[in-house]
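Please go through this model with me, from the fold of the chain to the ligand sites.

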Amino acid sequence: MAFFEMAKTAIITVLKRPATRRYPAVAAKKTALSRGKVTVDPSRCISCGMCMKKCPAGAICVRKDEKTWSIDRLKCVVCNCCVDVCPVHCLTMETDYSPCMRQHQGIEVITITYVKPERPKKPVGEPEEKTQA
Ligand code: SF4
Ligand code: SF4
């Protein structure tokens with residue numbers, strides 16, 4: 001009986017379309033909810049490092065001194081934690097997948113271009129605001 005079951009499964013499998021795709025030759029299937037890859041808007045990133053702290057895979061590295069935000073695409077498990085935690089919402093989960101890459105090509109370094117706006121200067125001679133106890 002087991003032989004016939006196995007033969008039946010084998011025949012059905014041969015006759016059906018394969019369950020896998022020949023990616024990247026055939027594009028991956030995606031929907032509006034697909035988690036493809038994380039991208040950052042460097043003009044809005046304030047280098048707070050929250051995404052780096054929350055990333056369970058250790059895929060993100062934020063260097064405040066060098067003004068860089070980097071991600072290791074081969075470590076990222078597309079969990080969306082970084083996108084959820086970013087206080088300025090400058091991270092996006094794109095539906096497009098990362099292209100095929102080798103190990104040394106996985107790290108993507110982005111230069112942060114955010115410039116902190118200057119505080120408006122107080123007019124000369126204006127009294128200091130008193131705080132109530
Ligand atoms: S999606 Fe998840 S694993 Fe990928 S960088 Fe963000 S927190 Fe890390
Ligand atoms: S991407 Fe968002 S969470 Fe990460 S360092 Fe920049 S501002 Fe902070």
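The questions below concern a predicted model.

Q: What pattern does the chain follow, read along the sequence?
A: The secondary structure comes to three helices and five strands. Read along the sequence, these elements give the pattern α-β-α-β-β-α-β-β.

Q: Why is the chain more spread out than a compact globule?
A: For 133 residues the globule rule gives 14 Å, and the radius of gyration of the chain is well over that, so the chain is more spread out than a compact globule. The C-alpha trace spans about 95 × 35 × 25 Å along its principal axes. The radius of gyration asked about here is 25 Å.

Q: What percentage of the residues in the chain is buried?
A: Buried here means under 20% relative accessible area. Of the 133 residues in the chain, the buried share is 21%.

Q: Which residues come nearest to ligand 2?
A: The space taken by ligand 2 is the largest cavity. Its shell has twelve nonpolar, two polar and no charged residues. Of the 14 residues around ligand 2, the nearest are Cys 45, Cys 48, Gly 49, Cys 51 and Cys 86.

Q: Which residues come nearest to ligand 1?
A: Ligand 1 sits in the second largest cavity. By class, the shell around ligand 1 has twelve nonpolar residues, one polar residue and no charged residues. Of the 13 residues around ligand 1, the nearest are Cys 55, Cys 76, Val 77, Cys 79 and Cys 82.

Technical notes:
Residues numbered from 1 in each chain as written. Chains lettered and ligands numbered in written order. Predicted model: local features only at pLDDT ≥ 70, side-chain atom pairs only at ≥ 80, totals over all residues. Heavy atoms only, no water. Near = heavy atom within 4 Å. 1 Å grid on protein atoms, 1.4 Å probe; cavity = no way out; pocket = protein on both sides within 12 Å on 5 of 7 lines; lining within 4 Å. Sits in = over half its atoms within 2 Å of the grid points. Nonpolar A, V, L, I, M, F, W, Y, C, P; charged D, E, K, R; others polar. Helix = DSSP H or I, 4+ residues; strand = E, 2+ residues; numbered from the N terminus. Rg over C-alpha atoms; globule rule 2.2 N^0.38 Å. Buried < 20%, exposed > 50% of the residue type's maximum accessible area, 1.4 Å probe, protein only.
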